[in-house]
Amino acid sequence: MERFSVPPLNHGSPKKVTILGFDGVRSLDLTGPLEALTAAKAGASGERTAPCYAVRIVGIIKKSLTTESGLILTTHKTIRGKFDIETVIIPGGQGLHKEEVHRRMVTWLTTHSRQIRRIVAVSDGIYPLAQSGLIDGRRVATHWKIAKHVAQKFPSVRVDQTASFIKDGPFYTSGGGTHSIEMILALIEEDFGRLVALSVARELVMRLRPFGDRDNFADQFQFDSGPEDRLADLPAWIGA
């Protein structure tokens, strides 16, 4: 049974995107999608262009936050305020696993789910979304390091351990790093067409890929170190 009501998409104004923020958020999970969405512009009239998206960062607990890498950000408001919701992005990060942050995010998602047209989860941003029950029975992608754990913890969720990013109904999920930006490029193409998405991809020196695409780079065995890697580290160790 479809539990998620999808409001109609408004084509007359910039599409509203909310990125949830919290202390300990992973910088790239937040700023990567933010930069891609901000770079998306379409023709308005004559030679002018207009932004495709109105993006705001909304704090889970407070308006100021510090990322995992020490970047200090000020959000537009917190989830206690009222604002229009169209697309929501949940970035990952260690702070997401703090009990209060996790609980508030799950509660907010379940309370507002019928008002949100799309929910996007990056890397371990999948945890509160899965906890909410909104993606039961859905196919999702996440970071290769946590894919098995997510599958074990949430058996009702169908975790694809090889896809870089996936769309299943109104839910968009991806691995970490540049996969989140590639997913946003695919979302931009879905909203505004290939030319706009290609323009953003060129600016960010990225490539357009379809939802469900697989990337051999995501193979966790490629990250295992072998004897050659340890020997390559030997000169640096001797120098130290």
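Me: What share of the contacts with a separation of 6 or more joins residues 24 or more positions apart?

Reply: In this predicted model, 64% of the contacts with a separation of 6 or more are between residues 24 or more positions apart. The chain has 8 helices and 13 strands, and buried residues make up 48% of its 240 residues.

Me: How do you know which stretches to read with care, going by pLDDT?

Reply: The chain averages a pLDDT of 87, and 82% of the residues score at least 70. Residues 1–10, though, stay under 50, with 25 contacts beyond four places in sequence. Residues 217–223 also stay under 50, with 8 such contacts.

Me: What makes strand E4 largely enclosed?

Reply: Count its residues: 5 of the 7 in E4 (residues 53–59) are buried, so the rest of the structure largely encloses the strand.

Me: How do you know which strands pair with E4?

Reply: The cut-off is at least two bridges. Strand E1 (residues 15–21) and E4 have 7 bridges, in the parallel sense, and Val-17 stands opposite Val-55 there. Strand E7 (residues 77–78) and E4 have 2 bridges, also parallel, with Gly-59 opposite Thr-78. Since two bridges are enough, E7 counts as a partner with its 2.

Me: Which residues have the most contacts inside the largest nonpolar core?

Reply: Leu-20, Tyr-53, Trp-108 and Ile-188, in a core of 63 residues. Helix H5 (residues 178–192) gives that core its largest share, 7 residues. As for Trp-108, leaving out residues up to four places away, it touches Leu-20, Ile-79, Phe-83, Ile-85, Val-88 and Ile-116.

Me: How do you know that Asp-23 and Lys-62 form a salt bridge?

Reply: The limit is 4 Å between nitrogen and carboxyl oxygen. For Asp-23 and Lys-62 the closest N and O atoms are 2.9 Å apart, and the pair is a salt bridge. Asp-23 is in the loop between E1 and helix H1 (27–39) and Lys-62 in the loop between E4 and strand E5 (64–66), so the bridge ties together parts 39 residues apart in sequence.

Me: Why are Asp-23 and Lys-62 called partly exposed?

Reply: That label runs between 20% and 50%. Asp-23 has 26% relative accessibility, so it qualifies; Lys-62 has 41%, so it does too.

Me: What about Arg-26 and Asp-124: buried or partly exposed?

Reply: Arg-26, at 23%, counts as partly exposed, while Asp-124, at 5%, is buried. They form a salt bridge, with the closest N and O atoms 3.1 Å apart. Arg-26, Asp-29, Glu-68 and Asp-124 are linked in a network of salt bridges.

Me: What makes Glu-190 and Lys-167 a tie between parts of the chain?

Reply: Glu-190 lies in helix H5 and Lys-167 in strand E12 (residues 165–168), so the pair ties together parts 23 residues apart in sequence. Their closest N and O atoms are 2.6 Å apart, against a limit of 4 Å. The structure holds 13 salt bridges.

How values were computed:
Residues numbered from 1 in each chain as written. Predicted model: local features only at pLDDT ≥ 70, side-chain atom pairs only at ≥ 80, totals over all residues. Heavy atoms only, no water. pLDDT = per-residue confidence, 0-100. Contact = heavy atoms within 4.5 Å. Buried < 20%, exposed > 50% of the residue type's maximum accessible area, 1.4 Å probe, protein only. Helix = DSSP H or I, 4+ residues; strand = E, 2+ residues; numbered from the N terminus. Core = buried A, V, L, I, M, F, W, Y, C linked by side-chain atoms within 4.5 Å. Salt bridge = Lys/Arg side-chain N within 4 Å of Asp/Glu carboxyl O.
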